[in-house]
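Here are my notes for your review. Please read them with the model open.

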Amino acid sequence: MSSFKIAIIGSGISGLAAAFRLQEMAVEKKIPLTIRLFEKKARAGGVIQSFFSNGFLLEAGPDSFIIDKPSGLQLCQKLNLDSQLIPTNPNLKHSFILKRNQLIPVPEGFFLLAPSKILPFMFSPLLPLSGKLRAGMEWMIPKRISDSDESIGSFVERRFGKDILENIAQPLISGIYNISPHELSLQACFPRFREMETHHGSILRSFLKSSYLPPKRVSGARYSLFLSFKQGMETLVTALVSKLSPSCFSWNTPIESIQRNSDRQWILKGPQKSITFDQLIIALPPVHAAPLFHSLHPDLSHLLQSMPSQEAATLNLAYPRASIHHPLDGFGFVVPEKENKHFSGCTFASRKFDFRSPESFELIRLFLSPRGIQYFHEHGETETINLLINEISQILHISGTPMLSQFHYHAQAMSPFRVGHLEKVKKIQSMLKKLPGIEICGNGFVGSGIPDCIHSGTQSAEKIIQSYG
Ligand SMILES: Cc1cc2nc3c(=O)[nH]c(=O)nc-3n(C[C@H](O)[C@H](O)[C@H](O)COP(=O)(O)OP(=O)(O)OC[C@H]3O[C@@H](n4cnc5c(N)ncnc54)[C@H](O)[C@@H]3O)c2cc1C
């Protein structure tokens, strides 16, 4: 029997998860498969990258994954990584929001866009009394009739008022997606809130129904809601790569276009040569996938191009504990846009997880805001680092300079779901039906967290195997 040849383009977590599942199913179903992963860089993992330096563990991209979407944890269990998994620090309860250089705890029970507990919210100094009263009127705001998508910003402002948006929801949301909530799609990012409004007419009312309460701890005592690895997030990448044969990987091989031959096979054009495959999995963010379809399907290429990625940048800073005159008694903090800082969030990395710094030292990590990234483009890395050190030193009362700093810039890294996203995904799916043998997965379509990416890569692999007949 001749081997079924499958190419995967992109070896980020989505492409690796797809390759792993293909290999697993090929063994289960005794299908002779040849898998090739094409990666434009010299390493796998995409934005996931961990570094070790002077006893510190520095993450360039993600630092953890959530387990209320099970694909991440399930994959770790299959890879026998249980003993490597570490929870967030169980002694920490809070994250903070910056207000005039002070760190104020996020009110207990505040769930992304809305308060699910009234008392902590009413006593929080984050909002003026008028803002709290306006938020309390949410019960009486009529529900939106239209079915069309709406931005998260418009939803929060319409239901709870501008104060809650600017002081709490905007920094929490921008801390995840790094763009304004006025650009983000409610239906794609938080469909549950839309559902709550539709079914109960009010978010506060629906919080009274237990089924809508935010998750506390999932899966019992053993795991926290977010997990990482003792040796950093790259552990997952290394484990996946080790399960695949080294001959699967073509490094430094950017794929430039896809064509079809008269035998209905797919031809991948790389920098040097063209190679033919039976089926393809494209595990790339939409803007990276777009040029591949340029001549094969211009409309699809155009649509993918219309889903722009977002740049991201992080700065890891290490200090002796004694030079930080703040208790760092939480996971970190987010920064409202109106505070005019060049970063949108800060993680107290050595407090959030064990194994991140030597005893008596602290590691903190900043996420640059769009303003910070613009500053980086205009002034370069060194000036940006200095500016950020200055800003964080004022907030955390840090004396002296960091003993270590590491800056990472990710071009076109995040694919935020803008208003109208789900419509575009539907159109892409219907266009792909006319290109049987191509699956698209990755962070730009159904979800951008690591478990979402693993799920989408796994699903693509399963569809490919099903089509084998
Ligand atoms: C700073 C940052 C922090 C994050 N934090 C978290 C977090 O804490 N938890 C969480 O769950 N998620 C987090 N995310 C999101 C999550 O990490 C990503 O969505 C996910 O890792 C994306 O994986 P991917 O495989 O879809 O894409 P990528 O990681 O972008 O991988 C795509 C791969 O394709 C390659 N490639 C591109 N074009 C071509 C081509 N033409 N030919 C061949 N190869 C190509 C790239 O080099 C890359 O290796 C974070 C993301 C960023 C940027």
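Leaving aside neighbours within four places in sequence, which residues is Ser202 in contact with? Point 2 takes this up.

1. Basis. This is a predicted model: local features need pLDDT of at least 70, side-chain atom pairs count only at pLDDT 80 or more, and totals for chains, interfaces and linings use all residues. Residues are numbered from 1 along each chain as its sequence is written, and side-chain values use heavy atoms, with hydrogens and water left out.

2. Ser202. Contact means heavy atoms within 4.5 Å. With neighbours within four places set aside, Ser202 is in contact with Glu138, Trp139, Arg159, Met196 and Glu197. Ser202 sits in the loop between α8 (191-200) and α9 (203-208). Helices are DSSP runs of H or I with at least four residues, strands are runs of E with at least two, and both are numbered from the N terminus. Ser202 is buried at 0% relative accessibility. Buried means under 20% relative accessible area, exposed over 50%, and partly exposed in between (1.4 Å probe, protein chains only). A polar atom of the Ser202 side chain lies 3.2 Å from the backbone nitrogen of Leu204.

3. Thr235. This residue belongs to helix α10 (residues 234-243). Thr235 is buried, with a relative accessible area of 14%. A polar atom of its side chain lies 2.6 Å from the backbone oxygen of Gly232. Not counting residues up to four places away in sequence, Thr235 touches Leu81, Gln84 and Phe229.

4. Salt bridges across the sequence. The rule asks for a side-chain nitrogen of Lys or Arg within 4 Å of a carboxyl oxygen of Asp or Glu. The count comes to 19 salt bridges. One of them joins Lys69 and Asp452, with the closest N and O atoms 2.9 Å apart. Lys69 is in the loop between β5 (65-66) and α2 (71-78), and Asp452 is in helix α16 (residues 450-466), so the pair ties together parts that are 383 residues apart in sequence. Lys69 is partly exposed at 38%; Asp452 is buried at 17%.

5. Arg321 and Glu362. These two form a salt bridge, and their closest N and O atoms are 2.7 Å apart. Arg321 lies in the loop between β17 (310-320) and β18 (332-334), and Glu362 in strand β20 (residues 361-368), so parts 41 residues apart in sequence are tied together. Arg321 is partly exposed at 36% relative accessibility. Glu362 is buried at 1%.

6. Glu423 forms a salt bridge with Lys426, the closest N and O atoms being 3.8 Å apart. They are three residues apart in helix α15 (residues 421-433), so about one helical turn separates them. Glu423 is partly exposed at 47%, and Lys426 is exposed at 54%. Elsewhere, salt bridges that share partners join Glu138, Arg144, Glu150, Arg158, Arg159, Arg194 and Glu197 into one network.

7. An open sheet. Three strands run in the order β13-β14-β15, with antiparallel pairing. Two strands pair if DSSP finds at least two bridges between them. β13 (257-260) and β15 (274-277) are at the edges with a single partner strand each, so one side of each has no neighbour in the sheet. β13 and β14 (residues 266-269) pair over four bridges. Trp266 in β14 is the bridge partner of Arg260.

Technical notes
A polar contact is a pair of N or O atoms within 3.5 Å; within protein, one must be able to donate a hydrogen and the other to accept it, and residues adjacent in sequence count only if both atoms are side-chain atoms.
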